[in-house]
Amino acid sequence: MIRYTYTLLAAFLLIGAPTFAQEEQQAEEKRPMGHENTNRFRQLYNEMSTPNEYRTASGAPGHAYYQNHADYKMSIELNDNTQVLQGYETITYKNNSPDDLEYLWVQLDQNVREKNSPAAEKNGGGVGAVSQPGSFVGSYMKGEPFDGGFKIQAVTANGKPLKHTINWTMMRIDMPAPLKAGASYTFSIKWNYNIPEHTVDRARSGFETYKDGNKGYIIAQFFPRMAVYNDVEGWQNYQFWGNGEFALPFGNYEVDITVPADHLLDGTGEITNLKDVYSKTEMKRWEQAKNSYEKPVIIRTQKEAEKIASGRVKSTKTWKLKAENVRDFAWTSSRRYIMDAQAVKFPERDVMAISIYPPEGNPLWEEYSTKAIVQTLDTYSKYTFNYPYPKAISVHAKGQGMEYPMICWNYGRPNEDGTYSDRTKYGMISVIIHEVGHNYFPMIVNSDERQWGWMDEGLDTFMQYLTEQEFGQNFPEAIGDNDTYPSRRGAPSKIVNYMKGDQNFIAPIMSNPENAYQLGNNAYGKPATALNILRETVMGHELFDHAFKTYAQRWMFKHPTPDDFFRTMEDASAVDLDWYWRGWFYSTDYVDIGVKEVKSYYVTDTATEAGKEMLLRYGITDPSSIDAVYVIDEDSPEFKEEMKSQDMLAASKTLQEYLMDNFTPAERAKIKSPKHLYKIVFEKPGGIPMPIIVEYEYADGTKEKITYPAQVWRKNDTEVSKAIATDKEIVKVTVDPDLETADIDTDNNSWPKAKKLGEFNKFKNEVKE
């Protein structure tokens, strides 16, 4: 009898919720006659692949992990008069897999721009009620289709024609015999293609025509590239439809690029013949930049660039570049370019931060571009690994935002008179951080962009958010009167409108980029926000940062999958996150948690009707047969007004006797008799379970913030109750007071329910302010 009473009282006094009340809550939950396991806290065994010798259950590469390798030697020639690129490459492909390969697959991504490309007809929708001007022109005002795509002139091996089959953006190489495990195969391709004008015919690369007639070239996806063969799906030969980006193997590159002699060129890798292509003045400045750690050195000035651009030369120069262990190659060239550079110190080597831009980019680019590169290398390296390449280049190109190893294109153009808005400034800084940051994800942590766009875009956008905030701290003059850098994505509030939108136009994060309705929100914004909330609210900085760095270092220069990321984050933190991945990544559920009800309870020894009913469930028909403490809520017909003034301990003889029988005087002195007992009922209209972050405000003006773990929802997915025993009177309860969880409806977040300000009064108050 005493033991039974102690259990009841221990639950009541020590953990704040009667055992019977918990059972009652579960009993009231209505369940079907039979059902599969739909608990949101079940493990992701059915969704994840089975661990094996290639990828372990911990999320690390297995003992038999492999990846194939592709080396390229290329000769490229740019015709600045016709905008035609001619190329010849020799590929040596190393089969490190345990499989014999019957054929090889090569990507022909430029073929997405063929005249009759099916990508042009991949979408439905008819005439949209609202369009952005560029989209409207591109959709309804096009002239003759651009004659794009690779013109494959020859595919050979040992000087002899090699059988091959082109299937739109993929080309199958049919070798004379299967490529044995561990063996290599060398073959060559000769091709050319018409370079698109990317400012007219929207493309990830191409040329821009400046007002003086000169061209600026940003060249990528310009050569036939090997596809990935791996343990997950064999050949990654999903066609390039335009949204899903790239899956590529690592390799070494030796590339010779011939352009007009007055062009300034740079690209992936190190320029091995600098003295042949730089002027003596540029060479001297370059050496100065290699020792300048505080500010950039101008390698080619605006005045020099404008003078060079005013003339034309007929001669050419060949720039030689060499890159090791990269997954791709890109380059830029123009006679109109300005260039500056600064050294960034790392333990292993110095890295050159380089900005290349036409006069149209100034004064904005000279002021901020290289600063943004340096901040990106610093912040990303802190949270992942030290930047391993010799340089990082930011190239100014109108309307662009695209990334490649060591080089990227970025927008942000001032007005013709050199003025610019904050929107232009922040847009430029942010896109540089984002695109330079892609060196880490996916250029080094080499995820499959074609299938899982969020693995590079989402992780990169999350890191972009951290970098922007540090940029604002380090360069306060850049953000002016703002308290912090005004990040466009990452903060929980930024994703609310998307998550509460029409479910017919929302896809789970775990969707192919081609199948997402709103790719920006799906692959960039939502995963970045999810990771930010995971770091700030669910895991905490220390656990999250360690796990995130573990993932980055485990998979640098390798090919991770979503499973590898999910498993590593749990493995390195000891935090079960299956419920989080399921809610945020595998579903289109949203967060909505509110306060449903707040009730005051009062203690009595008299058996209440509710108490008797509960005891009957346990076969206790005579309440007098046990010692029990009963509570009455203020809305009960059994409630009496005088109960409000009674001391909790004084109101119950049963409690007094129990304390006398079971505790020493010293122990009794430590037991508190709270003046108030509350039951707080939280509801969850939203599908995603999240920690309940709640702020209690008391009559004396003090506040207390408590976080209940997400697991509080594991047995009842719609509502849970918490008991609060306190000496203070609660006057206000607020859920998620700092808007940490991307809650889509804050109308139910407070008790008493906040009154909505009428539209007219709201307008009137805004005018007064």
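Predicted model: local features only at pLDDT ≥ 70, side-chain atom pairs only at ≥ 80, totals over all residues.

Visitor: Great. Which strands make up the open sheet, and in what order?
Guide: There are four strands, arranged as E9-E10-E19-E15, and their pairing is antiparallel.

Visitor: Which strands stand at the edges?
Guide: Those are E9 (206-209) and E15 (264-267). Each has a single partner strand, so one side of each has no neighbour in the sheet.

Visitor: And how are neighbouring strands turned against each other?
Guide: By 10° on average, with direction ignored.

Visitor: Can you zoom in? How many bridges are there between E10 and E19?
Guide: Three bridges, in the antiparallel sense, between E10 at residues 215-219 and E19 at residues 331-334. Ile219 has Trp331 of E19 standing opposite.

Visitor: Let's look at the hairpins. What residue takes a positive phi in the hairpin of E4 and E5?
Guide: That would be Asn158, with a phi near 55°. This hairpin has two residues between its strands. E5 covers residues 160-161 and is joined to E4 by two bridges, running antiparallel. Lys160 in E5 is the bridge partner of Ala157.

Visitor: Which other strand does E4 run antiparallel to?
Guide: Strand E8, residues 184-194, which is joined to E4 (residues 151-157) by five bridges. There you'll see Ala154 standing opposite Lys190.

Visitor: What about E6 and E7, how many residues lie between them?
Guide: Two, and the pair forms a hairpin. In its turn, Trp168 has a positive phi of about 55°. The strands, E6 at residues 164-167 and E7 at residues 170-173, run antiparallel and are joined by four bridges. Asn167 has Met170 in E7 as its bridge partner.

Visitor: Changing topic: how many cavities does a search of the whole structure find?
Guide: It finds four cavities of 30 Å³ or more. The largest cavity holds about 80 Å³ of space.

Visitor: Which residues line the largest cavity?
Guide: The lining is made of Tyr601, Tyr602, Val603, Met643, Gln646, Asp647, Met648, Ala651, Pro674 and Lys675. By class, seven of the lining residues are nonpolar, one is polar and two are charged.

Visitor: Last one, Trp713. Where is its place, and is it buried or exposed?
Guide: Trp713 sits in the loop between strand E29 (703-708) and strand E30 (719-726). Trp713 is buried, because its relative accessible area is 1%, and buried here means under 20%.

Visitor: So what is Trp713 in contact with, leaving aside its neighbours within four places in sequence?
Guide: Its contacts include Phe41, Ile593, Phe682, Lys684, Met690, Ile692 and Val720. Pro689 is another of its contacts. The C-alpha atoms of Trp713 and Pro689 are separated by 6.5 Å, although the two residues are 24 residues apart along the chain.

Notes
Residues numbered from 1 in each chain as written. Heavy atoms only, no water. Pairing = 2+ DSSP bridges. Axes fitted to C-alpha atoms, helices over the stretch in contact; angles between N-to-C directions. 1 Å grid on protein atoms, 1.4 Å probe; cavity = no way out; pocket = protein on both sides within 12 Å on 5 of 7 lines; lining within 4 Å. Points joined across faces, edges and corners; volume = space filled by probe spheres on them. Nonpolar A, V, L, I, M, F, W, Y, C, P; charged D, E, K, R; others polar. Buried < 20%, exposed > 50% of the residue type's maximum accessible area, 1.4 Å probe, protein only. Contact = heavy atoms within 4.5 Å.
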